[in-house]
Amino acid sequence: MERMGSCPRLVTIAMVRNELSMNALLRIAFVTTLTCLAPLTVVAQTPCGGSFNAFIADLKTEARAKGHSRRTINTFFDGTQQSASVLKADRSQGVFQKPFIDFSRALISSNRINAGAANAKKWASTFDRAERQFGVPRGILLAFWAFETDFGAFQGNYNTRDALVTLAHDCRRPDLFRPQVLAAIELYEQGGMDPSTTTGAWAGEIGMVQMLPEDILRNGVDADGDGRVSLKTSAPDALMSGAKLLADLGWKANQPWLHEVSAPAGFDWSLSGTDKELTVADWQKRGITARSGSLGNSRLKASLIAPQGRNGPVFLAYPNFKVLFEWNQSFVYVTTAAYFATRLSGAPVYDAGNPDAGLDGDRMKALQSKLAARGYDVGKIDGILGAGTRAAVQDVQQKLGMPADAWPTPELLDRL
């Protein structure tokens, strides 16, 4: 998700990034596609906005400068339309206001667990190959396959070209989507998409595990040997491509990603958060214990996360967990996917505990406004508990002498 056309990596943590929807998982990856290999040509660009037709003309000029033929460019853009439904979807992300327990229970059903087991058996040889070649276990791939498209059943019906051009023209994230339009032209030249008929998610992802054009160019795998990378119709191609993407983003073979734990009474919750790390041995010295199984390598670093505060489920999150944020920047989504992957790998249901009451969307916005007024960078005032808001909440809790577990409560809002 999220690359820049000049080939360095774009680190846009704006989803916290405005928490995109399930079928809109914007990936951050290294930009070394063929389009990046074209000779450098300085082209005056209209970055976003203005006349839609003039914007397309500007894209055509940039594509031509990158070496694409006029015929290819004109055919690709022929019939392009600005999509109001894409813009509406981009701004409708209330599902991410749900707290972890509600969110995870909504996504993880018995049907998905059963379908996960069935697909693990059906595509066992593909999963074996993915783990052997890229080090990515089947639980992770199954979790994303389930959440992205219900194992391929719902891949989205938005025209991919129109979605990408619409979002590139929109001035919310042009640096994210403009390079994807140019990558889509490259993909079209290679026979990997048809601009008039290829459909997918509203944010331009294609296929069973929802990959953007730059991801497909860099990480697409023809796993079934038919000479094409078919992410919409070939489960082996989709799963192997997803595994290659995760490996490319830094996934480490034979390492855990998430483990449910228990914390002792009186624990210092200011140590929690994805921005802090200790070794497993150090966590154990502080009384952190595995709720089931073993925490593994004592020298491996991990972060302690409490998605719904100290009285809810608590996990150790390992470096591989953080790789998943480069697939999707939503904390609640990534935590749910990582947890589901552990379930599919044999872990028990988490202990929901008895979390303190949280804040609804309007009260979360009120809290964000109060935090912003105190100088904290909480990002957009959107009612979504993203990384910026969590960090601000934890800091304020410490200053007020409250347990600093980064979980915003009515008590905290009242005290502010």
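The exercises below, each with a worked solution, concern a predicted model.

**Exercise 1. Helix α5**

Task: Compare the reach of helix α5 with the expected value, then find which of its residues are buried and how they are arranged around the axis.

Solution: 
1. Helix α5 covers residues 110-122, which makes 13 residues. From its first C-alpha to its last it reaches 18 Å, close to the 18 Å expected at 1.5 Å a residue.
2. Buried means under 20% relative accessible area. In α5 this applies to R112, G116, N119 and A120.
3. Viewed down the axis of α5, the buried residues fall within an arc of 105°, so they line one face of the helix.
4. An α-helix has 3.6 residues a turn, so residues three or four places apart point the same way.
5. On the face turned away from the buried side, α5 carries the exposed residues S110, N111, N114, K121 and K122.
6. The buried residues of α5 pack against α4 (100-107), α6 (124-134), α7 and α14 (331-344).

**Exercise 2. Helix α7**

Task: Check the span of α7 against its residue count, and state how many of its residues are buried and what covers them.

Solution: 
1. The 12 residues of α7 should span 16 Å at 1.5 Å a residue. The end C-alpha atoms of α7 are 16 Å apart, which agrees.
2. Of the 12 residues of α7, 11 are buried, and the helix is mostly covered.
3. The buried residues are G139, I140, L141, L142, A143, F144, W145, A146, F147, E148 and T149.
4. The elements covering these buried residues include α4, α5, α6, α11 and α14.

**Exercise 3. The packing of α5 on α7**

Task: Describe how α5 packs on α7, giving angle, axis distance, handedness and contact residues.

Solution: 
1. Two packed helices are described by the angle between their axes and the distance between the axes.
2. For α5 and α7 the angle is about 125°, and the axes are 10 Å apart.
3. That angle makes α5 oblique to α7.
4. The crossing of α5 past α7 is right-handed.
5. On α5 the contact is made by R112, G116, N119 and A120, and on α7 by R138, L142, W145, A146 and F147.

**Exercise 4. Positive phi angles**

Task: Locate F151 and N254, give their phi angles, and decide for each whether the residue is buried or exposed.

Solution: 
1. Most residues other than glycine have a negative phi.
2. F151 is not a glycine, yet has a positive phi of about 60°. F151 lies in the loop between α7 (138-149) and β1 (158-159).
3. Just after α7, D150 also takes a positive phi, of about 50°.
4. F151 has a relative accessibility of 14%, so F151 counts as buried.
5. N254, again not a glycine, has a positive phi of about 65°. N254 is found in the loop between α11 (235-249) and β3 (258-262).
6. With a relative accessible area of 78%, N254 is exposed.

**Exercise 5. Surroundings of I305**

Solution: 
1. S272 is 33 residues from I305 along the chain, and their C-alpha atoms are separated by 5.6 Å.

Methods: Residues are numbered from 1 along each chain as its sequence is written. This is a predicted model: local features need pLDDT of at least 70, side-chain atom pairs count only at pLDDT 80 or more; totals for chains, interfaces and linings use all residues. Side-chain values use heavy atoms; hydrogens and water are left out. Helices (H or I, at least four residues) and strands (E, at least two) are DSSP runs, numbered from the N terminus. Buried means under 20% relative accessible area, exposed over 50%, partly exposed in between (1.4 Å probe, protein chains only). The expected span of a helix is 1.5 Å times one less than its number of residues. The arc is that of the directions from the helix axis to the C-beta atoms. Contact means heavy atoms within 4.5 Å. Axes are lines fitted to C-alpha atoms, for helices over the stretch in contact, and angles run from 0 to 180 degrees between N-to-C directions. Angles under 35 degrees count as roughly parallel, over 145 as roughly antiparallel, 65 to 115 as roughly perpendicular and the rest as oblique. A crossing is left-handed if the near helix is turned anticlockwise from the far one by less than a right angle, and right-handed if clockwise.
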